[in-house]
Amino acid sequence: MRTEDFWQLIDQARAGGGGEPGPVAARAVALLAERDPEDIIGYARHQTRVLAASHKADLWGAAYLINGGASADGFEHFRGWLMTQGRAVFARAVAEPDSLAELPQVRAASLSGEEFSAEQMLSVPWDAYRKATATELPADRDPVRTPDLNDFWDFDDEEEARRRLPRLAALFVEPPME
């Protein structure tokens, strides 16, 4: 599966999913299950590459600020939600995590405390393969390695958050007392 096909399927799921992560994931499963099993395997491989490419310390820091914390699983689920936002938002967030401060739902979450998570997006290829073939998705023989995050920073360090993610910090970190 090509990159364009991967994101096109997600866009189709977004169009029929009402924008909420659960329905987007369910629609992605339905759309993908209609395809050839090799396409489903290709989607799974591409999703693995997308998640590996987005496994970055500053994006994790953004998820931590926005969601009020993010474990390793929480970061995975946040990136699942980020996938439901489409290719342009996803790519921009990977390149510039602070750009998430421009999303209306993120701005609203700074007041409401809403958290962004879509674990169900991560299981789309497995659910689709099971639905299409009544068998389990074969294990990938050449898995993509997750990058080592040697440049982790203390996500609770408000000064570092302000330095690395100034727009998100302005929304989610209390301003300094003068």
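**Figure 1. Salt bridges in the predicted model.** A search of the whole structure finds 16 salt bridges, and the model shown is a predicted one. Side chains of opposite charge can pair when their charged atoms come close. R92, E96, D98, E102 and R167 are linked in a network of such bridges.

**Figure 2. The salt bridge between R167 and E102.** The closest N and O atoms of R167 and E102 are 2.5 Å apart. R167 belongs to helix α11 (residues 166-172) and E102 to the loop between α6 and α7 (104-112), so this pair ties together parts that are 65 residues apart in sequence. R167 is partly exposed, at 31% relative accessible area, and E102 is partly exposed, at 41%.

Figure 3. The side chains of E76 and R79 form a salt bridge with an N to O distance of 2.5 Å. Both residues lie in helix α5, three residues apart, about one turn of the helix. E76 counts as partly exposed because its relative accessibility is 27%, whereas R79, at 0%, counts as buried.

**Figure 4. The surroundings of Q85.** Q85 is located in the loop between α5 (72-83) and α6 (87-95). Its relative accessibility is 13%, so Q85 counts as buried. The side chains of Q85 and Q105 are joined by a polar contact of 2.6 Å.

**Figure 5. The largest nonpolar core.** This core has 53 residues, and M83 is among those with the most contacts inside it. Helix α2 (residues 21-33) gives the most to the core, with seven residues. Leaving aside residues up to four places away in sequence, M83 touches several residues, including F6, W7, Y43 and M121.

Notes: Residues are numbered from 1 along each chain as its sequence is written. This is a predicted model: local features need pLDDT of at least 70, side-chain atom pairs count only at pLDDT 80 or more; totals for chains, interfaces and linings use all residues. Side-chain values use heavy atoms; hydrogens and water are left out. A nonpolar core is a set of buried Ala, Val, Leu, Ile, Met, Phe, Trp, Tyr and Cys residues joined through side-chain atoms within 4.5 Å. Buried means under 20% relative accessible area, exposed over 50%, partly exposed in between (1.4 Å probe, protein chains only). Helices (H or I, at least four residues) and strands (E, at least two) are DSSP runs, numbered from the N terminus. Contact means heavy atoms within 4.5 Å. A polar contact is a pair of N or O atoms within 3.5 Å; within protein, one must be able to donate a hydrogen and the other to accept it, and residues adjacent in sequence count only if both atoms are side-chain atoms. A salt bridge is a side-chain nitrogen of Lys or Arg within 4 Å of a carboxyl oxygen of Asp or Glu.
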